[in-house]
Amino acid sequence: MRVFYQTLVLLFSAGLCSLEKVPGHTFVNKPIPGTLQNVSKNDTGVKQAVLTGTYSFNNKSNDAFLFKPSAVDDAKRQIVKGIRYILEVEISRTVCRKRDNTDDLNNCHFQTDSLLRQTFLCHFEVWSIPWMKTMSTTFFKCRSNDTF
């Protein structure tokens with residue numbers, strides 16, 4: 001019986017020694033589910049989420065002109081039963097009027113008239129369920145860039 005315990009202790013010690021040789025990043029290679037992760041501003045999901053947030057802003061705003069993203073300052077995502085994007089975005093007024101029903105913001109250029117130029121700093125939270133092909137803005141808050 002004593003030999004059994006000595007063998008068990010020896011195997012346990014060998015196992016601990018072998019763990020020291022494994023690099024630590026092997027165990028933390030993948031993100032922990034549910035945590036916020038930084039994500040590239042060029043990620044296609046981020047780009048789509050930015051547009052979704054901007055469309056929400058345009059639908060709620062009383063401005064005569066449409067706004068479109070001019071910069072993405074920060075992008076994070078959280079993966080839980082879908083993807084939650086948390087974005088800090090600058091949106092600027094374009095020359096396209098809302099009454100013209102322009103759906104494609106790519107065709108809208110930014111305002112050049114100094115009296116009409118305006119930029120907002122926005123915090124967008126957008127929920128995406130890729131397998132259902134849905135994306136919606138759950139929260140947004142924007143403030144004028146002039147307040148700084």
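**Disulfides and salt bridges**

Modeller: Cys96 and Cys108 form a disulfide, with 2.1 Å between their sulfur atoms. A disulfide here is a pair of cysteine sulfur atoms within 2.5 Å. This is a predicted model, in which local features need pLDDT of at least 70 and side-chain atom pairs count only at pLDDT 80 or more, while totals for chains, interfaces and linings use all residues. Residues are numbered from 1 along each chain as its sequence is written, and side-chain values use heavy atoms, with hydrogens and water left out.

Biologist: Which parts does the pair of Cys96 and Cys108 tie together?

Modeller: Helices (H or I, at least four residues) and strands (E, at least two) are DSSP runs, numbered from the N terminus. Cys96 lies in strand S3 (residues 83-97) and Cys108 in the loop between S3 and strand S4 (119-129), so the pair ties together parts twelve residues apart in sequence. The link is left-handed, with -110° about the S-S bond.

Biologist: How many disulfides are there by this rule?

Modeller: The count is two disulfides. Cys122 is joined to Cys142, S to S 2.1 Å, and this link is right-handed, with 115° about the S-S bond. Cys122 lies in strand S4 and Cys142 in strand S5 (residues 134-144), so parts 20 residues apart in sequence are tied together. With the bonded cysteines numbered in sequence order, the pairing is 1-2, 3-4.

Biologist: Are Cys96 and Cys108 buried or exposed?

Modeller: Buried means under 20% relative accessible area, exposed over 50%, and partly exposed in between (1.4 Å probe, protein chains only). Both Cys96 and Cys108 are buried. Cys122 is buried as well, at 2%, whereas Cys142 is partly exposed at 23%.

Biologist: How many salt bridges does the structure hold?

Modeller: A salt bridge is a side-chain nitrogen of Lys or Arg within 4 Å of a carboxyl oxygen of Asp or Glu. The structure holds four salt bridges. One of them joins the side chains of Asp63 and Arg93, 2.4 Å from N to O. The pair links distant parts of the chain, 30 residues apart: Asp63 is in the loop between helix H2 (44-60) and strand S2 (65-79), and Arg93 is in strand S3. Asp63 is buried at 17%, and Arg93 is buried at 10%.

Biologist: What is the N to O distance between Arg84 and Glu125?

Modeller: Their salt bridge has an N to O distance of 3.1 Å. Arg84 in strand S3 and Glu125 in strand S4 are 41 residues apart. Arg84 is partly exposed at 25%, whereas Glu125 is buried at 16%.
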